[in-house]
Structures are given as structure tokens and as C-alpha cells.
Amino acid sequence: MLSSFERLLFIRRVSIFQELRDEFLVKLASAMDELSFPAAHTIFEQGEEGRSLYVVISGRVRVHLGDRDLAQLEKGTFFGEMALFDAEPRSASVTTVETCDCLTLNQLQLIDAIEETPEIAVNITRALSRRIRELNGKINTYEAQLKSVAASKS
Ligand code: CMP
């Protein structure tokens, strides 16, 4: 469990919160919940209703669709923002790879933070863009592999 001061120092370094004023960060840090999960614990499943964004304080999680891994996320990264933004069910499941601690932010807290500092929305969009690029790269690799398998059979 982080002390209030450690929590403040930590969220100050998280990319999405970087532009927030100290005064607001202090408020946000004390309002966030801290959760601890054991290894191999499913934090939520694809299709569930989502009410929180999670920031990884320690450990690692995998984002997956059934058995297929989409990404692994580590300290300082976040997940669960999509269901908060589009009010749709969780787009993927998230399961811990090892013991993991997270801070959580609810939809109202996220909207307050964005109203206070709109750059947060830009930071989140940047992270989403990076994730789409990584996904596109994986699709390209996968298609190239399919083509080479098809070529080797013909
Ligand atoms: P959400 O849809 O709320 O719940 C699942 C979360 O997994 C999602 O928000 C994102 O935070 C994250 N996520 C979904 N797809 C990917 C991906 N391709 N790469 C990294 N993270 C993802």
C-alpha cells in the first residue's frame, strides 16, 4: 500500500496525468482507490460493464481475447479507459501475470480531470493511437505469415 505522498509522486509520473496542477493531483491521488490482485487473477472479462480506469502501480497484466493475448501492460500504464469513454462493454479481458497493484479512477473522476486539464484527453488519445499502431503491426505480421504458409502449400 502506497502512502499518500508516494501515491502523489507516483501519479505525477504517469503519462496521462502529467499536465495536472499539483493541487488537483493531490485531490485526485487521495480519491483514487488502491487494489491488490494475486497472480493469474482476472480483473474483468470482455463483455462486462465497465466503471473504472486502472493505473498499474506494480506488476503486470495481460489484455486478452480468450486465449489470445493482445498486449501486456506494466507499471505506469493504464487500462479500462475504453468502456468509460464509449459506455460500451469491456472490449477485452484483463488478467494479472504476476501480483499486481492498481489505482482506480471512476468515470466522474476522469471527466473532472479532463475538464480541469484537457491535455489528459490528448495524452489518452496518444496512448490509444500507439495501441492501434501496435495492433496494425501485429495484423501485418499475421497476414504475412498466412501468405507464406499458403505459398508453401501451393
Ligand atoms: P476497456 O474496453 O474498457 O477494457 C479492456 C481494456 O483493455 C480496454 O478498455 C483497453 O484499456 C485495453 N485494451 C483493449 N485492446 C487493447 C490493445 N489492443 N492493446 C492494449 N490494450 C488494449
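In the ligand site, an N or O atom in the side chain of R131 stands 3.4 Å from an oxygen atom of the ligand, which counts as a polar contact (a pair of N or O atoms within 3.5 Å). On its own the ligand has 460 Å² of accessible area, of which the protein covers 94% (Shrake-Rupley method, 1.4 Å probe). The model is predicted: local features need pLDDT of at least 70 and side-chain atom pairs pLDDT 80 or more, while totals for chains, interfaces and linings use all residues. Residues are numbered from 1 along each chain as its sequence is written, and side-chain values use heavy atoms, without hydrogens and water.

Backbone atoms also take part. A backbone N or O atom of G80 lies 2.8 Å from an oxygen atom of the ligand, and a polar backbone atom of A83 is 2.9 Å from a ligand oxygen atom.

The ligand is surrounded by 14 residues, the closest being G80, E81, A83, R90 and S91 (a heavy atom within 4 Å). By class, nine residues of this shell are nonpolar, two polar and three charged; Gly counts as polar. At least two shell residues come from each of β5 (68-73), α3 (81-86) and α5 (119-153), and α3 gives the largest share, three residues. These elements are DSSP runs (helices H or I, at least four residues; strands E, at least two).

R7 pairs with E34 in a salt bridge, with the closest N and O atoms 3.4 Å apart. Because R7 belongs to helix α1 (residues 4-13) and E34 to strand β1 (residues 33-37), the pair ties together parts 27 residues apart in sequence.

Notes
A polar contact is a pair of N or O atoms within 3.5 Å; within protein, one must be able to donate a hydrogen and the other to accept it, and residues adjacent in sequence count only if both atoms are side-chain atoms. A salt bridge is a side-chain nitrogen of Lys or Arg within 4 Å of a carboxyl oxygen of Asp or Glu.
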